Amino acid sequence: MLAAEEDAALEKPTRGLVAGPNMRYFRRRYFTMAEVARHNTADDLWVAYLGSVYDLTALAREHPGSALMKPIVEAAGQDISHWFDPRTGDIQRHIDPLTGCPKYFTPRGRFVHVPPPLPRSDWANDFGQPWWRRKAQYGVGLLSAKTRLVRIVNTLTSQEQTLEVGELENMWEILHRYLPYNAHAASYTWKYNGVSLDMDKTLEQNGIPDEDQEFEQLNMDPELYTPALLLYFNDDLTELFASVAGTVMQCF
């Protein structure tokens, strides 16, 4: 297939449904803390801070074996928001008891792009913006402040998957999460209680409330009841390439 024809096919990934996003270039906006936690090595290093998720793998490759990477590598897969001042987005500061001057507060040790406490001839500050200011370079997406569970039932095969999703994710983003389990997920009509779902809306906006708080108030386990989305096959396979599912799996 010519490249132009291939792109045209991918532009129509949802025949039988309303027109949807091009899954070849689709990027989810939200990630859960569980997803961040899976990227916890120097070779695959994600962190979250101040509501966003960052992939610092490239930074680790720029400073292989550096002692200044140690605090960051030790925090891989974690939320490090406590390192930062939420008002400025910069590293927390405190008054150095020895010099009486403000300095970055790094109790786990100084890390990449943090200046030394005293002048040093080997300190180079020609790196431009520090890594925590480079959202365009390292940013992956937003951290879901609240997540919920949802069951997805394929009525054709009777297969069922339970996914943790962000409460602000729309149905296309949930479908994108589901692709590793069913590469033709866009060939199905998605329904809840017999009503077709609006794929541009969230679960809540589709009339599927998050009842976790009510369950907790009743001292009940919220996982005792997980809403089920039913998928009905449209007898029309979408032209999603196998590489799409492979790309999605890299986020897990």
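**Exercise 1. Identify which helix and strand each supply at least two residues of the lining of the second largest pocket, and describe that lining.**

Solution. Start with the elements: β8 (147-154) and α7 (212-217) each give at least two residues to the lining of the second largest pocket, where helices (H or I, at least four residues) and strands (E, at least two) are DSSP runs numbered from the N terminus. The model is a predicted one, in which local features need pLDDT of at least 70 and side-chain atom pairs count only at pLDDT 80 or more, while totals for chains, interfaces and linings use all residues. Residues are numbered from 1 along each chain as its sequence is written, and side-chain values use heavy atoms, with hydrogens and water left out.

Next, take the residues: the lining has 14 of them, and L149, D212, P222, Y225 and P227 lie nearest the centre of the pocket. By class, the lining holds eight nonpolar residues, one polar and five charged.

**Exercise 2. Work out how the rings of F84 and W131 are arranged, and follow the contacts onward from W131.**

Solution. First, recall that rings of Phe, Tyr and Trp (its six-membered ring) pair if their centres lie within 6.5 Å, and that planes under 30 degrees apart count as stacked, over 60 as edge-to-face and the rest as tilted. The whole structure contains 14 aromatic pairs. For F84 and W131 the ring centres are 6.4 Å apart and the planes stand at 90°, so this pair is edge-to-face. The pair links distant parts of the chain, 47 residues apart, with F84 in the loop between α4 (70-74) and β5 (93-95) and W131 in the loop between β6 (102-104) and α5 (135-138).

Then move to W132, which forms an edge-to-face pair with W131 at 5.4 Å centre to centre and 85° between the planes. Finally, one aromatic cluster is formed by Y49, Y54, W83, F84, Y104, F111, W131 and W132.

**Exercise 3. Decide whether W131, L50 and N193 are buried, partly exposed or exposed, and state the phi of L50 and N193.**

Solution. Begin with the cut-offs: buried means under 20% relative accessible area, exposed over 50%, and partly exposed in between (1.4 Å probe, protein chains only). W131 counts as buried because its relative accessibility is 0%, L50 is partly exposed at 37%, and N193 is exposed at 67%.

Most residues other than glycine have a negative phi. L50, in the loop between β3 (44-49) and β4 (52-55), has a positive phi near 50°, and N193, in the loop between β10 (188-192) and β11 (195-196), has a positive phi of about 55°.

Methods. 1 Å grid on protein atoms, 1.4 Å probe; cavity = no way out; pocket = protein on both sides within 12 Å on 5 of 7 lines; lining within 4 Å. Nonpolar A, V, L, I, M, F, W, Y, C, P; charged D, E, K, R; others polar.
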